[in-house]
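Hello,

Please find the structure below. Notes on what was found in it follow.

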Amino acid sequence: MIKKISKLLANMRIRYKLSILVVGTTLLILLVNIFMYYNLNRITRQMDEIYEGNITLSDLEDSLDTVQNSLAEYLNTKSTDSLNDYYLAEQQFSAMLDGLEKNVTDNQQKLMERNIYWLSQSYLQLVSETVDAKRGRNVEKYKDSFDQSGKLYTYIKSYIDSLNGYSFRSNTESYSAMSASVGYLEIMSTVMFIMLAAFNVMLVILVTRNITRPLHELSIAANKVSAGELESTPEVKVHGRDEVGVVTVAFNQMVSSIPDYLNRLRESLEKEQQLKEKEILMEAHLKDAQLKYLQAQINPHFLFNTLNAGSQLAMMEHADRTYDYVQNVAAFFRYNMSKNDEVTLAQEIELVDIYVYILNVRFAGDIHFTKEIEDESLLDVMLPGMILQPIVENAINYGIRDIEREGHITLSVYEVDGNVCISIQDNGIGMSQELIQKLLTGEYSDLSEEEKNEEKYEQKSGNKKTGNGIGFRNVIERLRLYFDGENNVDIISNGKDQGTEVIITLPYKK
């Protein structure tokens, strides 16, 4: 039996073993305690019930005495208080009589209860007649009734005493039997506790031995491995499929794989030496790449310095228009090449002014650009860099470039409901609602170049127009990213030749 239990425990997880040890012993102790508690309560209730009848009979006798005494008190004093005491005593006595046996029976105790009940009923009738005669001033009747009730009172008390004695003798025998049961229960409880303790000790020994013996063998083998005695380290026996067994299997595999690992380590050291030689060569290439990167950084600065030199030369030769043009071109490139992740609205509008100036020099002032700013304090609002210039560029290239009438672009800044609104409006060829929807939802960026050219404003054949590389969709995405996913851009166009208005709404706090 013990071997079967030990074998069963060997294949269990350690947590299950400990759970069985703790939960099993706890449940056994709990079951024994429940058994003892139930039997003790049962015996206690039975012992209480044994003498409950005697207590009831004693209470009935006391109630009878109270009725007789209150009657006598009333007859002597004829006071209202004594009459109330009598009525209360009579009601209490009548209520207690309801618990007695009333029917014919063969049981001696029940038969005596029946006699007491009917004698008491007759007694109560005589007592009631006595009180009525007393209140009616019928002296002979109440004296006769009182004498008869006194005799019945004596008979009832003797019956109650006899029944109480009979019941006490019977209950004494039952009490002796209950006492014997309690003694037997004590012996049985002691035996059960001894058996439970022995079983718990055996279970603890089995569980702890099942856990510690494989660990002891594993620790001996581990000490040999740590001392470098790989050749003399035997394979550790696996006693079960618990956590210790899994660790033992892994330990045996590790010991057997250590020689192969040492060989692979030697090979890796040789490869590492080769990698170091390659690393030196890579460092040389990296330095060359760093040099080229520095040269790439120098080129923008060289461009700015060249433009500045050109502007100085134009100023020295009194070519003021050339000087202004070169200065604006340099400022435009400097703004594009700088880290302009976050700028003010004033800086963005200044870049638009520079851009329009450059184009007007190029196209002989064909671009008519006006600004309408409601409040200069609105220009302090922050937004991502390079937002307005791409929109103005699209309005020029795809809105007013090829129209026959004079092209106008208006940039307006105003406040609506605590927000700063930036409007860029042209009087160009307009835009279809389908194209507006595709631009706002990002579907336009998924079209091919031919499809885009077909959907853009009506263009002359051969005039393929492109933006500055930033793109309208990029402007929308950067605004949404900057303002936590809010939709800040809206496009309004009433159709062909009706112009286009782009409205950017920015949150603003003064």
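Where is the place of Asn360? Asn360 belongs to helix α9, residues 345-362. Helices here are DSSP runs of H or I with at least four residues, strands are E runs of at least two, and both are numbered from the N terminus.

On sources: this is a predicted model, where local features need pLDDT of at least 70 and side-chain atom pairs count only at pLDDT 80 or more, while totals for chains, interfaces and linings use all residues. Residues are numbered from 1 along each chain as its sequence is written, and side-chain values use heavy atoms, with hydrogens and water left out.

Asn360 and its surroundings: the side chain of Asn360 reaches the backbone nitrogen of Ile367 at 3.0 Å. Leaving aside residues up to four places away in sequence, Asn360 touches Gly365, Asp366 and Ile367 (contact means heavy atoms within 4.5 Å).

The strands: β6 (residues 489-492) has Val489 and Ile491 on its covered face, and Asp490 and Ile492 on the uncovered one. Strand β7 (residues 500-507) pairs with β6 in the antiparallel sense over four bridges; pairing requires that DSSP finds at least two bridges between two strands. Val489 has Ile504 in β7 as its bridge partner.

The chain overall: there are 13 helices and seven strands. Of the 510 residues, 35% are buried, meaning under 20% relative accessible area (1.4 Å probe, protein chains only). Of the contacts between residues at least 6 apart in sequence, 71% join residues at least 24 apart.

Regards

Technical notes. Buried means under 20% relative accessible area, exposed over 50%, partly exposed in between (1.4 Å probe, protein chains only). A polar contact is a pair of N or O atoms within 3.5 Å; within protein, one must be able to donate a hydrogen and the other to accept it, and residues adjacent in sequence count only if both atoms are side-chain atoms.
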